Amino acid sequence: MLRQRIPSGRLGRHALQSSISSRPFTSAIRQCRQEQTPRSLQAAAATASLSRRFLSTTARLRITTQNTGSTGGPFEPLRPPSPSSLGAPQAARTYTRSRKWGRRFLILSALFGTVYLVDDKLYAAGIKRSLRTFGTGLLVAADYKLNFRPHPLPIIGSSGTIEDLHMRNAEKLFQLLRHNGGLYLKIGQAIAMQSAVLPPEFQKMFARMFDDAPQDSWEAVEKVIRDDFGGKSVEEVFGVSFAGTEGKGVMERTARASASVAQVHWARLADGREVAVKIQKPEIEKQIGWDLWAFKVVAKVYTYWFDLPLYSLVPFIVDRLMLETDFENEAKNSELMRQLVNDEPSLRGRVYVPPVYHELSSKRVLTTEWIEGIRLWDKESMTRPWLGGHGNGSAGVHGAQLDPPNMAAIRRELHENPNSQALKPEREEWKGPRGKGGLGLSPKEVMTTMIDLFSAQIFKWGVVHCDPHPGNIFIRRLPNGLPELVLIDHGLYVYMSDKFRHEYGVFWKSLMTFDNKKIREITTEWGIKGADLFASATLMRPYEGGDKEFQKTMMSHLESGKTASERSYEMQQKMKAGIREILDDEEKWPKELIFIGRNMRIVQGNNQFLGSPVNRVKMMGEWASRSLFEDKNLPLRERLVNYYRHTLFRIVLTLTDVVFYFYKIRQWFGQGGGMEDELEARMKHVAKDFGVELQHDLFEG
């Protein structure tokens with residue numbers, strides 16, 4: 001009976017399949033029929049009724065689901081799909097592009113991380129500094145390439161003038177050099193000296209390059225000493241104690257001066273000598289290769305981009321800078337200059353070069369005698385009245401040993417405070433009880449000694465100290481009341497060949513006698529055109545004896561009716577052609593002229609800084625003429641002829657004193673500056689005709 005009630009067809013199949021779960025009910029009915037009891041029949045009937053209701057409800061639900069189409073096909077409950085109904089298997093989706101870029105990112109990150117660590121640890125950020133240099137150099141070059149014109153392109157925040165162009169690029173370069181430090185500061189100081197080729201905006205910005213550089217930590221100093229002295233400590237090398245041990249010397253951990261390449265510490269050795277320990281900053285050795293390579297690359301790019309013959313000078317400059325970081329070379333230069341000065345009767349006793357203590361020196365450590373004195377730039381202390389007592393001189397003159405400090409007090413201070421730094425006695429008794437005294441020296445005597453020294457280097461010895469700025473010159477008072485000039489920092493030197501030194505002496509003498517034929521002959525030998533311009537640059541004043549052919553040629557190309565900005569732009573374009581004329585033959589051009597010109601420019605600035613107390617041009621002309629008859633390499637007959645000419649030359653030179661004292665009298669009455677100031681003003685006027693503005697104050701700032 002139950003089977004007859006199950007629907008047939010498609011719905012019947014669903015119901016039949018669903019009825020599998022009702023088999024327990026069917027078994028119960030059969031059991032009740034076998035028992036043939038009323039109670040069991042009643043229970044079986046109830047069970048059958050429930051089963052019919054359940055199947056009916058299930059069938060209706062299946063029909064409803066089929067009609068609504070929620071499954072999109074026939075529903076088969078409790079039966080997994082067959083493999084054939086799933087279709088062919090598909091490969092898993094892969095993200096090849098993402099994985100490729102992910103791998104590239106990881107490789108590049110690892111590569112850059114490795115390069116950064118190697119650069120930081122092995123090269124002291126030399127690669128990063130070089131990249132910074134290239135970036136700034138390209139920005140500056142592009143700015144000038146686009147905007148160096150009579151009317152620069154409008155830029156936000158810019159006034160749109162040539163002066164603004166110079167100012168913003170001077171700021172970029174200044175920040176680059178200060179941020180990189182090290183040899184870059186040396187390059188900045190060299191730029192600050194070359195007023196003849198740079199705008200005033202650069203001069204004002206780069207004058208700050210002479211400020212003290214930051215000093216390195218004591219730990220870095222100790223490492224340099226250990227590396228250079230076979231692992232020995234500072235205490236072992238110098239015999240000092242930082243705890244005040246009896247019988248030991250003492251040394252200050254804080255530097256007394258810090259420059260671009262090295263810093264100087266004071267020490268008193270156990271034997272009583274006071275020494276200056278010059279220690280190279282540890283990063284310099286790691287950075288110098290990268291720094292000089294970057295300098296070469298930038299110079300090469302600028303040479304090509306701006307069509308200027310600059311790169312031919314770079315190898316010589318690089319060699320000099322490399323030698324400046326070699327303290328063994330500096331010790332050799334210092335000892336040679338000390339010997340030359342002591343052998344020169346006119347300078348012996350007036351100039352002092354501190355001795356080098358070789359047993360305490362190395363390639364990166366230089367130990368010399370400590371110098372007590374004032375710097376050349378302290379004009380006020382130089383000229384104030386002497387209060388140190390009659391017949392007395394400054395401490396340490398002629399190399400005399402300094403009065404010993406109170407070592408008991410120093411040791412007691414170190415016992416109480418091992419980190420104390422104020423150990424060196426100041427020795428300022430010469431200033432008097434109220435500190436108003438000075439050395440009581442004449443600026444004229446000081447400058448006379450200085451010009452004699454550097455003229456002897458250029459015209460007689462051919463061994464030239466190329467960094468005589470005021471920070472490298474100490475002044476002391478001798479017991480006779482005359483000055484003693486102390487020359488330090490002998491790292492940057494040039495050595496002139498006998499042939500070139502002789503030619504340079506003849507060239508200088510020819511400038512004083514207006515011998516234009518000889519001037520042109522020598523400059524042609526040196527591969528230089530534009531002899532008038534080169535003569536003015538050498539004298540640091542307008543050369544009056546030439547035919548001014550080069551200047552006339554440049555001025556003749558100017559068109560009238562142009563604005564000042566247009567005229568300045570055109571003149572600077574012509575000046576670039578003038579530089580090419582001076583550096584016409586790069587192979588024949590004497591590279592020593594780069595640093596000799598720097599020396600003479602600094603000496604001229606020193607004389608001007610002290611008020612032009614001496615006739616610098618006359619004095620240097622006399623030394624040039626003297627060198628020609630004192631030169632032992634010349635035949636005797638030629639030396640005698642040169643002596644006769646020298647006598648006549650000195651008579652002619654006395655006429656220049658008339659001009660010198662004319663300006664001196666004007667200066668005394670407050671009607672103008674000295675002779676150097678007048679020459680500087682005239683040079684500025686001539687330079688403007690060539691599109692160049694000379695700086696106003698060499699050591700400003």
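1. Start with Glu 372 and Arg 427: in this predicted model, the two residues form a salt bridge, with their closest N and O atoms 3.1 Å apart. Glu 372 sits in the loop between β6 (365-369) and β7 (374-375), and Arg 427 in the loop between α15 and α16, so their pairing ties together parts that are 55 residues apart in sequence. Glu 372 has a relative accessible area of 11%, so it counts as buried. Arg 427 is buried too, at 11% relative accessibility.

2. Next, look at Glu 426. Its side chain meets that of Arg 256 in a salt bridge (3.5 Å, N to O). This pair links distant parts of the chain, 170 residues apart: Glu 426 is in the loop between α15 (407-416) and α16 (443-461), while Arg 256 is in the loop between β1 (250-251) and β2 (257-258). Glu 426 is partly exposed at 43% relative accessibility, and Arg 256 is partly exposed at 35%.

3. Lys 499 and Glu 503 both belong to helix α17 (residues 498-513), where they are 4 residues apart, about one turn of the helix. Their side chains meet in a salt bridge at 2.7 Å, N to O.

4. Finally, how many salt bridges does the count come to? The total is 33 salt bridges.

Definitions and conventions:
Residues are numbered from 1 along each chain as its sequence is written. This is a predicted model: local features need pLDDT of at least 70, side-chain atom pairs count only at pLDDT 80 or more; totals for chains, interfaces and linings use all residues. Side-chain values use heavy atoms; hydrogens and water are left out. A salt bridge is a side-chain nitrogen of Lys or Arg within 4 Å of a carboxyl oxygen of Asp or Glu. Helices (H or I, at least four residues) and strands (E, at least two) are DSSP runs, numbered from the N terminus. Buried means under 20% relative accessible area, exposed over 50%, partly exposed in between (1.4 Å probe, protein chains only).
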